[in-house]
Amino acid sequence: MFTDTAHAATRALWLASKRHPFIQQLQAGTLPRATFRDYLIQDHHYLLEFGRLYDLAAERCQVPTQAAQLRANAADLRQGEIATRETFFAEMAITPAIIAATPVAPTNYAYTSHLYRSLATAGVPGAVAGLLPCYWLYAEIGEELATKGSPVPIYQAWIDSYTASDYANAMTDQLALANAVATPTNQAALCQIFKRSSWYELNFWQMALDHEQWTVAKPS
Ligand SMILES: Cc1ncc(C[n+]2csc(CCO)c2C)c(N)n1
């Protein structure tokens with residue numbers, strides 16, 4: 001099955017994400033609030049692209065049930081993860097003006113560009129494979145962190161958002177969709193796409209920890 005093969009191929013990358021200092025510090029409660037705030041701002045940009053990708057994939061999808069699932073995913077994302085972040089934003093004094101004024105960092109831009117590229121080069125299956133680690137890796141990270149917890153309430157709330165039971169149900173649907181779009185012909189390409197997304201997931205933590213910036217400021 002595609003998802004088993006892809007999961008096995010990214011074990012080391014996922015382990016590196018799970019053990020990343022950003023995650024370790026979040027769990028220990030030592031992650032600087034400014035770092036988490038920076039992550040949330042970058043992640044908001046990321047999630048908006050994620051929703052657009054679902055919409056674009058749904059438009060291109062020829063299988064009605066799959067198109068409906070992709071549309072439902074986009075709606076769930078906007079009512080779920082994006083909406084949940086509003087309370088975090090209020091607590092962290094993140095306003096729409098601040099988000100608009102913060103450039104998308106290089107790694108974030110590269111990651112979302114990879115997702116568009118996956119749709120462009122491998123169609124709907126490419127987009128589905130590219131988006132899958134985002135869902136699945138966070139579910140696994142949430143599961144691990146849930147047993148340990150974090151002493152910082154907002155970090156704990158972030159962990160809780162990835163362990164809710166409706167999230168686990170959505171996960172099953174995501175895996176089924178990925179296996180439905182995979183074929184013997186596209187599986188190797190999909191695995192590469194899945195791996196690259198997993199690599200970007202790891203780099204996303206580092207980007208947040210480093211407060212990554214463009215080395216040359218954008219001319220206004
Ligand atoms: C860099 C980054 N990767 C993955 C997620 C998690 N995530 C993104 S969309 C989605 C599905 C619907 O909520 C999930 C779980 C994130 N927030 N940021």
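The views below show a predicted model.

View 1. The residues around the ligand are Asp43, Tyr46, Leu47, Phe50, Leu77, Gly80, Glu81, Cys134, Tyr135, Tyr138, Glu201 and Phe204. Two or more of these residues come from each of helix H4 (33–60), helix H8 (106–148) and helix H11 (187–210). Sorted by class, the shell holds 8 nonpolar, 1 polar and 3 charged residues.

View 2. The UniProt record, an unreviewed entry, places the feature "domain: Thiaminase-2/PQQC" at residues 7–210. Over residues 7–210 the chain is 85% helix and 0% strand.

**View 3. The crossing of H4 and H11.** The axes of H4 and H11 come within 8 Å and cross at roughly 130°. The two helices are therefore oblique to each other, and H4 passes H11 in a right-handed crossing. On the H4 side, the contact involves Thr35, Asp38, Tyr39 and Gln42, which meet Met207, Ala208 and Leu209 of H11. The residues of this contact divide into 4 nonpolar, 2 polar and 1 charged.

**View 4. The contact of H5 with H6.** Helix H5 (residues 64–79) and helix H6 (residues 81–91) have axes that come within 3 Å and cross at roughly 10°. Because angles under 35 degrees count as roughly parallel, H5 is roughly parallel to H6. Leu77, Arg78 and Gln79 of H5 make the contact with Glu81, Ile82 and Ala83 of H6. By class, the residues of the contact of H5 with H6 are 3 nonpolar, 1 polar and 2 charged. Leu77 and Glu81 are also among the residues around the ligand.

**View 5. The packing of H2 on H11.** Helix H2 (residues 11–18) and H11 pack at an angle of about 15°, their axes being 9 Å apart. That angle makes H2 roughly parallel to H11. The crossing of H2 and H11 is left-handed. Leu13, Trp14, Ala16 and Ser17 in H2 meet Ser198, Trp199, Glu201, Leu202 and Trp205 in H11. The residues of the contact of H2 with H11 comprise 6 nonpolar, 2 polar and 1 charged. Glu201, which takes part in this contact, is also one of the residues around the ligand.

Terms used
Residues numbered from 1 in each chain as written. Predicted model: local features only at pLDDT ≥ 70, side-chain atom pairs only at ≥ 80, totals over all residues. Near = placed C-beta within 6 Å. Helix = DSSP H or I, 4+ residues; strand = E, 2+ residues; numbered from the N terminus. Nonpolar A, V, L, I, M, F, W, Y, C, P; charged D, E, K, R; others polar. Axes fitted to C-alpha atoms, helices over the stretch in contact; angles between N-to-C directions. Parallel < 35°, antiparallel > 145°, perpendicular 65-115°, else oblique. Left-handed = near helix turned anticlockwise from the far one by under 90°. Contact = placed C-beta atoms within 7 Å. UniProt positions renumbered as here; feature names shortened; annotations may be inferred.
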